[in-house]
Amino acid sequence: MLSNEQISHLKKELNDEKKSLEDQLQGNTEGSLESASARDTVGELSLYDNHPADMGSELFEREKDFALGEHHDSELNKVNAALKAIKDGSYGKCKECGDEIPYERLEVLPATLYCKEHSPEQIVPGDRPAEEDVLEPAHGNTFRHHQYREVIDNEDSFQEVARFGTSETPSDLRGDYEDYNSLYNEGHDDEGFTEDYETFVGNDMEGKQRKIYPSKKQEEYEAMLDENDIESPYGDVPYHQTDGYVDDDKE
């Protein structure tokens with residue numbers, strides 16, 4: 001049971017907190033961007049011709065004002081509820097279970113109307129974002145998304161850029177990897193080419209000036225051919241004697 005002296009002390013703390021919150025709300029209203037126009041804040045008649053990123057600072061300040069206002073309103077409501085509880089004689093007892101709230105807790109949180117075990121602040125909300133009904137985790141170590149009706153996107157745009165780095169670490173994926181660069185390579189890096197050799201050969205616009213561009217892919221390709229003693233991934237190439245398209249057959 002709280003003594004009259006303890007209640008008087010806590011009531012003074014609540015009144016001081018109430019005045020402080022009201023002053024902050026008044027200050028936020030007078031100095032905020034909520035009622036100000038773009039002309040008053042940034043000297044612009046309109047924001048239609050500006051890129052959204054150019055107004056990032058103003059947007060941040062406006063959102064901050066709203067957040068502070070909501071927080072102060074919430075705290076002020078708690079203080080007013082506690083002062084009302086002091087007036088009707090229910091202050092110091094938990095609204096949930098009716099047990100006495102320790103004075104030590106009230107000294108730290110004068111506006112609380114709940115004991116530690118029944119405080120609403122420690123309850124984790126059970127509702128989840130609606131997006132979770134649609135989103136799904138990665139399948140294996142890829143970012144291929146299995147769409148509805150069994151339509152599979154094998155060339156997902158995120159899978160394409162994930163090879164260059166994400167927030168994942170090797171411990172987040174299955175298997176062993178030598179370094180970060182190999183996390184999303186999937187054992188190949190053909191960049192959309194049909195044949196492996198197309199990644200390191202090229203020519204000019206007329207199909208001439210054929211040239212080999214030395215690269216790691218080219219070294220791996222030649223090493224594979226040498227190891228298997230073949231001329232191409234499909235085996236030895238049977239050389240023909242004539243070209244069927246340009247053969248000069250005068251008969």
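Let's start with Tyr 197, which is partly exposed at a relative accessible area of 39% (buried is under 20%, exposed is over 50%, and partly exposed falls in between, using a 1.4 Å probe and protein chains only). Tyr 197 sits in the loop between helix H5 (157-162) and strand S3 (201-202). Helices here are DSSP runs of H or I with at least four residues, strands are E runs of at least two, and both are numbered from the N terminus.

Together with Val 201 and Ile 212, Tyr 197 makes a nonpolar surface patch of about 250 Å². Such a patch joins nonpolar side chains (Val, Leu, Ile, Met, Phe, Trp, Tyr) within 5 Å, from residues with over 30% relative accessible area and no salt bridge. A salt bridge, in turn, is a side-chain nitrogen of Lys or Arg within 4 Å of a carboxyl oxygen of Asp or Glu.

Residues are numbered from 1 along each chain as its sequence is written, and side-chain values use heavy atoms, leaving out hydrogens and water.

The protein chain averages a pLDDT of 76, and 62% of the residues score at least 70; pLDDT is the predictor's confidence in each residue, from 0 to 100. Over residues 147-151 it stays under 50, and the model has 4 contacts beyond four places in sequence for them. Where pLDDT is low, the predicted coordinates should not be read in detail.

## The nonpolar core

The largest nonpolar core has 19 residues, and among those with the most contacts inside it are Leu 2, Leu 10 and Leu 106. Helix H1 (4-31), helix H3 (56-88) and H4 each supply at least two residues of this core, with H3 giving the most, 6 residues. A core here is a set of buried Ala, Val, Leu, Ile, Met, Phe, Trp, Tyr and Cys residues joined through side-chain atoms within 4.5 Å.

Leu 10 touches Leu 2, Tyr 91, Tyr 103, Leu 106 and Glu 107, not counting residues up to four places away in sequence. Contact means heavy atoms within 4.5 Å.

## Two more residues to look at

Arg 105 lies in helix H4 (residues 103-108) and is buried, with a relative accessible area of 19%.

Tyr 213, in the loop between strand S4 (211-212) and helix H6 (216-228), counts as partly exposed at 45% relative accessibility. Tyr 213 and Gly 202 are 11 residues apart in sequence and 7.7 Å apart in space, C-alpha to C-alpha.

Note on methods: This is a predicted model: local features need pLDDT of at least 70, side-chain atom pairs count only at pLDDT 80 or more; totals for chains, interfaces and linings use all residues. Patches are made of residues with over 30% relative accessible area and no salt bridge: like charges are joined within 9 Å, nonpolar side chains (Val, Leu, Ile, Met, Phe, Trp, Tyr) within 5 Å. Accessible areas come from the Shrake-Rupley method with a 1.4 Å probe; for residues, only the protein chains shown count as cover.
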